[in-house]
Amino acid sequence: MVGDQIYADDLNAIGADRTIEEFFSRYQETFTQPHIRELMGQIPTYMTLDDHEIEDNWPSKASPKDWVTLFPVAIHAYITYQMSHSPLFEIVDDKADVIGSPSKLWYKFTDGCCDFFVTDTRTERDEAESCDPAFEEREIINEDQFEALKKWLADGSERVKFVASAVPFFPDFKKTELDKWSGYLHQRTELLEFIRTNKIKRVVFLSGDVHCSMSAELLCEEDPDFKIISLISSAFFWPYPHKSGSFQLSGKLKTTSLTSHSYAVTNAGPAHFDDNFSRVTCDLNSLKFQVFQRLGNLLGEKEHSF
């Protein structure tokens, strides 16, 4: 679950959650829905947060007061109901209780042929309200997380490297969107160059945020050995009708002067905007991305090779 598990601000400023009791109530209402409860009761569930765990497009509209009132309350509720599922907490075997207090919100784990790095792309970011070139080096994750991500990518495990990012790494919207990785081109370009120059294979980004499900690939025109895959899937819960977006599903991805290479989006599947969920099945050679309608009917599927 890659963010927007709750909508604490579903009516924006009208009736937005502000107290710990309101946030707890929101989680209880969401997680006790019969089908969500059945799903989470039967399979291991890993989570990260996005903006609606706090407020829309956090922290672009945050006031100094919000940082000392709203943010601590929202994160306390997030840690209680979501982060408690993560390996950041130790488990007391005899009571099945979790103990400790996390100093960060990103984590990693391994399952089968896959390694996972679950990023925090929401609480460490610089605000991205300006297109001024002076803001080119703003960060979507801080330096500690960025270095940990690069070290994890280059650890030589040879397993599939799934990077969970609440906001899409690519493809971009056709119009400028500062809330996604496209608003933080310096770090995105640096990460692309790191993956390419270190010849890291089987890299897949898992994202949400944009209320649709789709997949795409990114290739490098000058380096035929480079490929990364993007899988996007909508959140499980959204209280209102969906709004369709317009993605750049082919052509050159925006980068900075950190590279002289061209990265191109290709092999993109259709974007499904109705209520849906996705399933990924993979081995060391390929993966299958399937999108299902809310009641379980198959909407589409696409295979990607490594």
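**Cysteines and a cavity**

I began with C220, which is buried, with a relative accessible area of 5%. I keep in mind that I am working on a predicted model.

Next I turned to C113. Is C113 buried or partly exposed? I find C113 partly exposed, at a relative accessible area of 25%; the cut-off for buried is under 20%.

How many disulfides does a search of the whole structure find? My search came back with zero. I then looked at C113 again: its nearest cysteine sulfur belongs to C114 and sits 3.7 Å away, and C113 is in no disulfide.

I searched the whole structure for cavities of 30 Å³ or more and got one. For the largest cavity I noted a volume of about 40 Å³.

Which residues line the largest cavity? I wrote down I195, R196, K199, I200, K201, D223, D225 and F226. Sorted by class, that lining holds five charged residues, three nonpolar ones and no polar ones.

I also asked where the lining comes from in terms of helices and strands. Both α6 (185-197) and β8 (223-232) supply at least two residues each. Of the contributors, β8 gives the most to the lining of the largest cavity, with three residues.

Notes
Residues are numbered from 1 along each chain as its sequence is written. This is a predicted model: local features need pLDDT of at least 70, side-chain atom pairs count only at pLDDT 80 or more; totals for chains, interfaces and linings use all residues. Side-chain values use heavy atoms; hydrogens and water are left out. On a 1 Å grid over the protein atoms alone, a cavity is a set of points where a 1.4 Å probe fits but cannot get out, and a pocket is an open set with protein on both sides within 12 Å along at least five of seven lines; lining residues have an atom within 4 Å of a point. Grid points are joined across faces, edges and corners, and a volume is the space filled by probe spheres set on the points. Helices (H or I, at least four residues) and strands (E, at least two) are DSSP runs, numbered from the N terminus. Ala, Val, Leu, Ile, Met, Phe, Trp, Tyr, Cys and Pro count as nonpolar, Asp, Glu, Lys and Arg as charged, and the others, Gly among them, as polar. A disulfide is a pair of cysteine sulfur atoms within 2.5 Å. Buried means under 20% relative accessible area, exposed over 50%, partly exposed in between (1.4 Å probe, protein chains only).
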